Amino acid sequence: MAVHQVHEYDVLVIGAGGAGLRAAVEAAAADVRVGVVCKSLLGKAHTVMAEGGVAAALSNMDERDNWQVHFADTMRGGQYLNNSRMAELHAQEAPARVRELEAWGALFDRTPDGRILQRNFGGHAYPRLAHVGDRTGLEMIRTLQDHGIHAGLDVHMEVTVTRLLKDGQRVAGAFAYDRERGRFLVFQAGAVVLATGGIGRSYRVTSNSWEYAGDGHSLAYQAGAELMDMEFLQFHPTGMVWPPSVRGILVTEGVRGEGGVLRNSEGRRFMFDDIPEAYRPQTADSEEEGWRYTQGDKNARRPPELLTRDHVARMILREVREGRGSPHGGVFLDIAWIKGRVRDGAGHIRRKLPGMYHQFKELAELDITEESMEIGPTTHYAMGGVRVDADTQMSSIPGLFAAGECAAGLHGANRLGGNSLSDLLVFGQRAGKCAAEFACAQGESYVPDDQVRQAEADALTPFKRKASDSGENAFQIQSDLQDLMQDKVGIIRSPDLLAEAIEEIVTLKRRAAAVAVTGNREYNPGWHTALDLENLLTVSEAVTRAALERRESRGAHTRDDYPGKDSDWGTVNLVITKGEDGAMRLRRERVPPLRGDLKAIIEEIG
């Protein structure tokens, strides 16, 4: 058995983004031992790339806003497949979490009278996103990690977890390795919180950072937890498309929230062509009316560019497919047009969108105050994840919690922009609190030696194979998987391509089982990639099988053979588990009916 270090905690948090740090801070406040494991360096989590803002009904820009409207917007955006209790808690508690973050030192943009400034975003009835220019996620992580370090968190950086360990049915800790030296670590814990983010690295074009390989989803699944809603994968409508080296990098929805409009190659605002009935009375009829909305005119209607992300992405794809796209396969996003409407127009754009200005200036040699940006859809966010209890965030495995993007339930079939950051705060806090309570109530767990030995053996297996013995290359398998998911499990899905994708994933799994790694465990990116493959293949299979099973188009899931919604599917979540034979199992479960008071809110707000 290889040598390994042992660390003992009451609560182990896997992931140091917004959800992980907020969970760790809350657990530490309960005076328990807290350890944090992060795949990258502290402060480098994907949350720093979140730009637009935190959705919370503070009512600073429009007194008509409240938690009930936020709840109704979230449910409508999610096509009512959301866990309504999670949506309720999220809408009710988000304002307090934002004010708490402010009290800890977050520097939000301000109104002239000193309140937190809020901007418009897609799917939200009122200006609701508290923001820091277009660098909100960076400010959130800065604040949380500063607060967390002073709370005495024990942080293990550049460490990857490969296996959850169990004591009977209960989670007991995790097996991991140090990415620099390849040393093994065993974490014994009374409770574990998964906060590992999404699955974007299973696609070729994505806004996600390199860590997003579906670690938390796969760890939970392999340990016996349930996954849910995996077919719902959000393609953000606006990612960079040129030059090729930066394709997929996010262009914040804040550009549209500040007045940016979408045009095709003919210069026409095509978003007016198809406005869903549910949004028609609230949507602007002209460019100027939409501009008044972005400037805070309560009587103006919102621009169609701020419809839900799934709808905007499909509209962009339609323009491209019908030959009205930009030269590099996207469409145009124009914020420069507002210069004539405000004093110091170019300066106004740079102040409101400093990150976007520098991003395009440095990466594309384009001045967004003078020219339109070329943009197109990019793989962005997984609505599906670990199935959790709404109040506690505990999974079906006792002691295993999940929060943030790797947890399912809040967003249903489609996430509204800005709800991700408030999700991190609200449910990160709940997961940390409940994990600490569980660990204190249940006491210490026991980590079985046989599980540790098996985890070590599995991690070292790629070194036992030789490339000369028909060993596979991990990088090539990952590349083939990304092409497969991009081409066959994208925005518009067909049954034939989905069926082909499943067969090819099975083949890729066989190839992954024959991966050979040369060299030793120190500084070995080939080994890291080989160990990531199980996670990437697991989440890819889950997305594909769920997409083939759901025979309708709803939210972020679109089938070309079932272009409309089906009322029978409108009350069904797909739940995924690992069978005793190791095969992936899918089952349908009815969405719990809305409580009477919540149903009345939706009926009243419409």
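Mentor: A residue is called buried when its relative accessible area is under 20%, exposed when that value is over 50%, and partly exposed in between. Keep in mind that this is a predicted model. The part to look at is Thr378, which lies in strand β14, residues 373-382. Its relative accessible area is 1%, so Thr378 is buried. What does the side chain of Thr378 reach? It reaches the backbone oxygen of Gly248, at 3.0 Å.

Domain 1 is made of two stretches, 5-234 and 380-450. Domain 2 covers 241-377, and domain 3 covers 456-569. Taken over C-alpha atoms, the centres of domain 1 and domain 2 are separated by 29 Å. Where these two domains meet, 31 residues of domain 1 are in contact with 30 residues of domain 2. Together the two domains bury about 2,300 Å² between them, and 48% of that is on carbon and sulfur atoms. On the side of domain 1, the residues that lose the most area to domain 2 are Glu51, Asn120 and Asp134, which together account for 24% of what that side buries.

How many salt bridges are counted between domain 1 and domain 2? The count is 1. Glu258 and Arg119 form a salt bridge in which the closest N and O atoms are 3.0 Å apart. Across the interface of domain 1 and domain 2 there are also 8 residue pairs in polar contact. Sorted by class, the side of domain 1 that touches domain 2 has 14 polar, 9 charged and 8 nonpolar residues.

Next, the backbone. Most residues other than glycine have a negative phi, and most peptide bonds are trans. A few places in this model depart from that pattern. Trp242 and Pro243 are joined by a cis peptide bond, with omega about 0°. Pro243 sits in the loop between β11 (233-240) and α6 (254-257). Gln79 is not a glycine, yet it has a positive phi of about 60°. Gln79 is in the loop between α2 (67-77) and α3 (84-103). Is Gln79 buried or exposed? Its relative accessibility is 15%, so Gln79 counts as buried. Asp344 also has a positive phi, of about 50°, and is not a glycine either. Asp344 is in the loop between β13 (331-334) and α9 (345-352). With a relative accessibility of 43%, Asp344 counts as partly exposed.

Finally, the salt bridges in the structure as a whole. There are 52 of them. A few examples show the surroundings that such pairs can have. Asp113 and Arg115 meet through their side chains, at 3.2 Å from N to O. Asp113 has a relative accessible area of 53%, so it is exposed, and Arg115, at 38%, counts as partly exposed. Lys361 pairs with Asp367, and the closest N and O atoms in that pair are 4.0 Å apart. Lys361 is partly exposed at 39% relative accessibility, while Asp367 counts as buried at 15%.

A further salt bridge joins the side chains of Arg511 and Asp480, at 3.0 Å from N to O. Arg511 belongs to helix α14 (residues 495-512) and Asp480 to helix α13 (residues 474-488), so this pair ties together parts that are 31 residues apart in sequence. Asp480 counts as partly exposed, at 23% relative accessibility. Salt bridges can also be linked to one another: Arg85, Glu88, Asp391, Arg595 and Asp597 form such a network.

To return to where we began, Thr378 is buried at 1% relative accessible area, and its side chain reaches the backbone oxygen of Gly248.

How values were computed: Residues are numbered from 1 along each chain as its sequence is written. This is a predicted model: local features need pLDDT of at least 70, side-chain atom pairs count only at pLDDT 80 or more; totals for chains, interfaces and linings use all residues. Side-chain values use heavy atoms; hydrogens and water are left out. Domain bounds come from an automatic or database domain assignment. Contact means heavy atoms within 4.5 Å. Buried area is the accessible area (1.4 Å probe) that two parts lose on being put together, summed over both. A polar contact is a pair of N or O atoms within 3.5 Å; within protein, one must be able to donate a hydrogen and the other to accept it, and residues adjacent in sequence count only if both atoms are side-chain atoms. Ala, Val, Leu, Ile, Met, Phe, Trp, Tyr, Cys and Pro count as nonpolar, Asp, Glu, Lys and Arg as charged, and the others, Gly among them, as polar. Helices (H or I, at least four residues) and strands (E, at least two) are DSSP runs, numbered from the N terminus. Buried means under 20% relative accessible area, exposed over 50%, partly exposed in between (1.4 Å probe, protein chains only).
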